[in-house]
Amino acid sequence: MSVLNDCRIISLPKIQDPRGNLSFIETGRSLPFVMQRAYWIYDVPGGEIRGGHAYRDLQEFFIALSGSFDVVLDDGKGHKTVSLNRSYFGLYVPSMIWRHLENFATNSVCLIIASLPYSKEDYIRDYESYLEAIRRTD
Ligand code: TYD
């Protein structure tokens, strides 16, 4: 079972250049999983919250490609907030961590690299069900 300490910031390569900086992610490098999907969240109206669920199997990596936002993490025993505001590092979140995204600055873009294709069945959307699932595996 994953705990908050398993969630961690991972630095990405940063190629500094007077023409503009460049960072990248390659399969088998930087991330502790093989990427199978990318999606992004953008045009978030002020005050809106995304997420609010856990995944049974999915691992994710969040990057603030532009702007800033907070990722609020909860393992059923405690919670912590991680602010992302640079495009040369991101936050790794393993499966079975409850999370939501909040506090988006105007024009922020959140890129999410995911370990699996989209699956509706992988979501746990009810917090009580999440706590129950954790209790079963404790
Ligand atoms: P969802 O993950 O529920 O958004 P949030 O992060 O706010 O919880 O996704 C919103 C909708 O987008 C949902 O109907 C499913 C769809 N979706 C896909 O079709 N593919 C994807 O890769 C993702 C992440 C979402």
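How many residues lie between E7 and E8 in their hairpin, and which residue in the turn has a positive phi? Select both strands to find out. Keep in mind that this is a predicted model.

**Stop 1: the hairpin.** Four residues separate E7 and E8. Pick glycine 76 in the turn: its phi is positive, about 90°. Go to phenylalanine 69 and look across to E8: leucine 84 stands opposite.

**Stop 2: the largest core.** Keep Phe69 and Leu84 selected. Both are among the residues with the most contacts inside the largest nonpolar core, which has 19 residues.

Next, select a second, separate core. It has nine residues, including Ile10, Phe33, Phe61 and Leu111.

**Stop 3: cysteine 110.** Show what surrounds cysteine 110 beyond four places in sequence: Tyr39, Trp40, Ile41, Phe62, Ile63, Phe69, Leu101 and Phe104 are in contact with it.

Look instead for polar partners. The aspartate 70 side chain makes a polar contact with the side chain of serine 83, at 2.7 Å. Another reaches the side chain of asparagine 103, at 3.0 Å. Beyond four places in sequence, the contacts of aspartate 70 are Thr81, Val82, Ser83, His100, Leu101, Glu102 and Asn103.

**Stop 4: asparagine 103.** Follow the 3.0 Å contact from aspartate 70 to asparagine 103. You are now in the loop between strand E10 (98-102) and E11. Check the backbone: phi of asparagine 103 is near 65°, positive in a residue other than glycine. Is asparagine 103 buried or exposed? Exposed, at 54% relative accessibility.

**Stop 5: serine 30.** Finish in the loop between strand E3 (22-23) and strand E4 (37-41), where serine 30 is found. Serine 30 also has a positive phi, about 75°, although it is not a glycine. Serine 30 is partly exposed, with a relative accessible area of 29%.

Technical notes: Residues are numbered from 1 along each chain as its sequence is written. This is a predicted model: local features need pLDDT of at least 70, side-chain atom pairs count only at pLDDT 80 or more; totals for chains, interfaces and linings use all residues. Side-chain values use heavy atoms; hydrogens and water are left out. A polar contact is a pair of N or O atoms within 3.5 Å; within protein, one must be able to donate a hydrogen and the other to accept it, and residues adjacent in sequence count only if both atoms are side-chain atoms. Contact means heavy atoms within 4.5 Å. A nonpolar core is a set of buried Ala, Val, Leu, Ile, Met, Phe, Trp, Tyr and Cys residues joined through side-chain atoms within 4.5 Å. Buried means under 20% relative accessible area, exposed over 50%, partly exposed in between (1.4 Å probe, protein chains only). Helices (H or I, at least four residues) and strands (E, at least two) are DSSP runs, numbered from the N terminus. Two strands pair if DSSP finds at least two bridges between them.
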